[in-house]
Amino acid sequence: MQKLLLLFTLTVLLLSGCSDPSNSMMVKNQEELTTAISNALPGDEIVMKNGIWNDVEIRFTGAGTESKPIVLRAETRGEVIISGKSDLKFGGSYLTVDGLFFKDGFTPSDAVIQFKIKEESPAHHCRLTNCVILDYNQMQRDRPDHWVEFWGRHNQLDHCYIAGKSNQGPTIRIKIKGNQNIRTYHQIVNNHFGPRPRKGGPRGETIQVGDSYTSMSPCNLTVANNLFERCNGEVEIISSKTNFNEFRNNVFYKCEGSLVTRHGNYCIIDGNYFIGDDNSDNIGGIRIINTGHWVTNNYFYKLKGQNFRSPLALMNGIPKSPLNRYNQVTDVVVAHNTWINCKSPWQFGVGSNVSQKDVLPASEIRSERPIRTILANNIIYNETGDPHPIVEHDALDGIQFEQNLINNQSLKFKSPEGLNQGEFKLIKVAEDIYTPAQSELNLPPYVGFEFETIRTDIFGNERSKNNLIGAVCQSNSPDPHILDENKYGPSWFSANKETSAPVIVELSPNDDLHTHIQGANSGDVLALNPGTYQLEKSLIINKAIQLKSLDPQHKAHITYIGETGTSAFQMHPKGDITLQGLVLSGTDSQNAFACLKKGMSSLYNVKVYDSEISHFDYILKAHKESMSDSITFAGCILRDCKNGIELSEETDDKGDYNVEFLTIDNCDFSKIQQNVIDYYRGGYDESTIGGNLLVKNSTFSNCGEKEENGILLNTRGIINVNIHDNQFKNNKVKLVALLWGAKNNVHANNELSNSGKIVVEENLKLKILY
């Protein structure tokens with residue numbers, strides 16, 4: 001009987017084809033890959049041989065089935081390197097790509113990964129899994145692309161690690177165009193979106209869902225269980241511009257931006273963590289625009305962003321708004337959320353700009369405040385009382401508050417009815433995660449229309465068993481391990497790289513700086529003995545390097561005698577130079593620091609401390625399409641140069657600028673003829689939050705004699721400018737600075753002698769971008 005049963009089973013397996021579930025074929029070059037793809041049948045598996053695949057354009061076409069997809073995978077996950085000018089496009093259905101590593105290159109097309117080959121035939125039911133895209137940037141910042149571009153329906157991005165995009169364009173873009181590309185039901189799940197550096201302007205989202213002109217279209221996208229880590233590209237981490245999208249159970253960890261319902265309606269934002277810290281004032285939460293959103297069960301911790309980056313921002317809209325601007329907030333529910341140690345966590349009427357009606361067209365004036373919106377069952381806790389936990393940029397008459405509770409440590413503030421003040425303690429669940437002591441929450445939840453659909457809390461506990469206000473409804477909840485790397489991205493890749501201790505190398509004037517910099521590891525320190533180090537060609541800085549005087553009392557002297565127009569320090573992508581206690585001089589025709597004119601695919605940084613710089617054409621010269629995260633001069637003497645610090649090459653007036661943070665602290669500028677500081681951002685883009693200029697405790701004397709516009713410190717369009725406790729003496733200019741009063745431009749305690757004055761212009765006229 002057993003033999004008969006075994007024979008029957010084997011017969012069934014053979015007839016069903018299950019004895020050979022896939023036909024696996026190894027390929028080792030582009031030609032073999034193309035042939036294998038063209039011949040692939042449902043259930044086939046194409047295996048790319050380990051190694052570097054340079055300049056490959058993969059066109060993955062075919063028609064698999066739900067039970068038998070066609071799979072294209074790495075021989076070993078992570079060991080098939082896609083580099084050079086390479087990209088991947090899906091064309092067909094039920095196709096899976098698994099285990100590829102994109103690095104050391106850039107796409108020759110509009111996207112690294114694209115779920116279509118032809119406009120009329122997008123991909124459906126296709127999947128990208130266990131892949132990495134790392135620093136796969138265009139050579140120029142203004143060359144736009146997307147790293148993953150969704151078309152079609154039912155496609156999925158999962159368990160991938162994506163980080164380092166520095167050029168223009170969202171990292172992920174969901175395209176909504178035509179009937180084949182709406183009601184998409186795409187899934188973006190269990191991915192790790194690693195750091196995206198500050199872009200210096202707009203068009204740097206991590207995920208953009210549609211665009212302004214698709215805001216009336218249904219998308220039905222799900223973004224769930226992802227980790228967004230330091231995604232700092234711009235003010236919007238996720239920009240939702242379509243309808244019926246869901247953002248659930250994601251972690252936003254120290255991201256300088258917000259999840260934004262920029263256009264479109266009826267989003268669900270549920271169960272997400274927004275974690276900040278004490279080191280950044282730009283980390284945001286959720287910004288709401290448009291209609292019908294439900295914001296529930298979210299947790300906000302140590303967020304310090306304001307206005308557009310507020311922990312919760314409900315914006316004002318424009319009357320009869322065009323599709324690409326701001327619609328009024330209506331019919332929104334914000335319920336069962338928790339804010340802990342956030343600065344001014346609730347801000348209403350954000351973006352109200354009636355005061356700028358003299359310089360903006362009527363189509364730009366945001367005067368329509370939120371209406372028919374309810375905030376209920378939310379909790380705010382402040383370890384130190386906040387004098388302004390609620391900020392009213394406009395009236396609150398359209399908002400209903402019900403059964404909300406705040407512990408503001410008894411510090412009084414203007415409180416709307418429905419926000420109750422009370423005392424309760426916190427219980428630590430894990431690092432950065434606290435819950436209120438629930439025995440002290442004596443406020444019963446408000447039950448509004450369809451509130452019964454909020455079935456669980458942020459930890460997944462059933463609310464039907466013990467419903468409470470706030471994001472958590474059960475005491476003694478376990479640690480959710482929100483930063484556990486095993487929950488996100490591919491199992492074969494770790495973003496946590498071990499770093500070795502920096503090596504300190506002692507040098508003498510006879511040693512060749514070029515050789516030692518070239519051979520150093522990133523982070524190493526070159527300590528220079530006293531004496532003169534003469535350079536005839538530029539030092540190439542493409543890693544983190546520190547040069548310092550070994551004896552601060554006897555500073556080493558670097559003299560640069562290179563060709564006219566060259567730079568002592570030539571900054572390359574990812575170059576990071578720190579000078580400490582040096583004397584640097586030129587022959588009046590070169591630059592002390594400058595980036596490449598072309599090919600600045602990534603950011604650079606310059607930090608100079610306790611040093612003297614003289615006799616250069618430019619102290620620092622930025623070029624168009626370059627971006628620095630930070631440039632710092634502290635405790636420095638900067639003298640006898642034709643030009644100072646020029647960061648004014650982004651003149652297309654599209655909201656871009658050349659450095660995020662420029663800091664001048666305790667410096668002495670003298671005899672700088674022009675462009676002492678020239679820092680420019682053009683174009684009216686209200687969602688651009690930078691750049692940032694700090695000038696403090698410094699002296700400027702006999703500067704600006706050749707400044708054509710008569711302004712010593714040029715800061716046009718820069719959002720955050722702080723000039724304080726400085727001395728300006730005998731500078732041949734009309735103005736020390738012209739500040740933008742409507743933005744965060746301030747000055748204080750400056751002494752001006754024979755140097756013009758500081759003027760504040762409340763409403764600066766700029767070119768409209770849209």
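Predicted model: local features only at pLDDT ≥ 70, side-chain atom pairs only at ≥ 80, totals over all residues.

Residues are numbered from 1 along each chain as its sequence is written, and side-chain values use heavy atoms, with hydrogens and water left out.

Start with the empty space. Rolling a probe the size of a water molecule over the atoms shows where space is left. A pocket here is an open set of points, on a 1 Å grid over the protein atoms alone, where a 1.4 Å probe fits, with protein on both sides within 12 Å along at least five of seven lines. Its volume is the space filled by probe spheres set on the points, which are joined across faces, edges and corners.

The largest pocket has a volume of about 1100 Å³. Its lining has 39 residues, and N307, I689, I719, N720 and N744 are the closest to its centre. A lining residue has an atom within 4 Å of a point. By class, eleven are nonpolar, 18 polar and ten charged. Nonpolar means Ala, Val, Leu, Ile, Met, Phe, Trp, Tyr, Cys and Pro; charged means Asp, Glu, Lys and Arg; the others, Gly among them, are polar.

The second largest pocket holds about 760 Å³. It is lined by 21 residues, with D135, G164, P195, P197 and K574 the closest to its centre. Here six are nonpolar, six polar and nine charged.

Now the rings. The structure holds 28 aromatic pairs. Rings of Phe, Tyr and Trp (its six-membered ring) pair if their centres lie within 6.5 Å; planes under 30 degrees apart are stacked, over 60 edge-to-face, and the rest tilted. The centres of F115 and F150 are 4.9 Å apart and their planes are at 15°, so this pair is stacked.

Last, find P319. At 36% relative accessibility, P319 counts as partly exposed. Leaving aside neighbours within four places in sequence, P319 is in contact with I365, S367 and E368. Contact means heavy atoms within 4.5 Å. P319 and R127 are 192 residues apart along the chain, and their C-alpha atoms are separated by 42 Å.

Terms used. Buried < 20%, exposed > 50% of the residue type's maximum accessible area, 1.4 Å probe, protein only.
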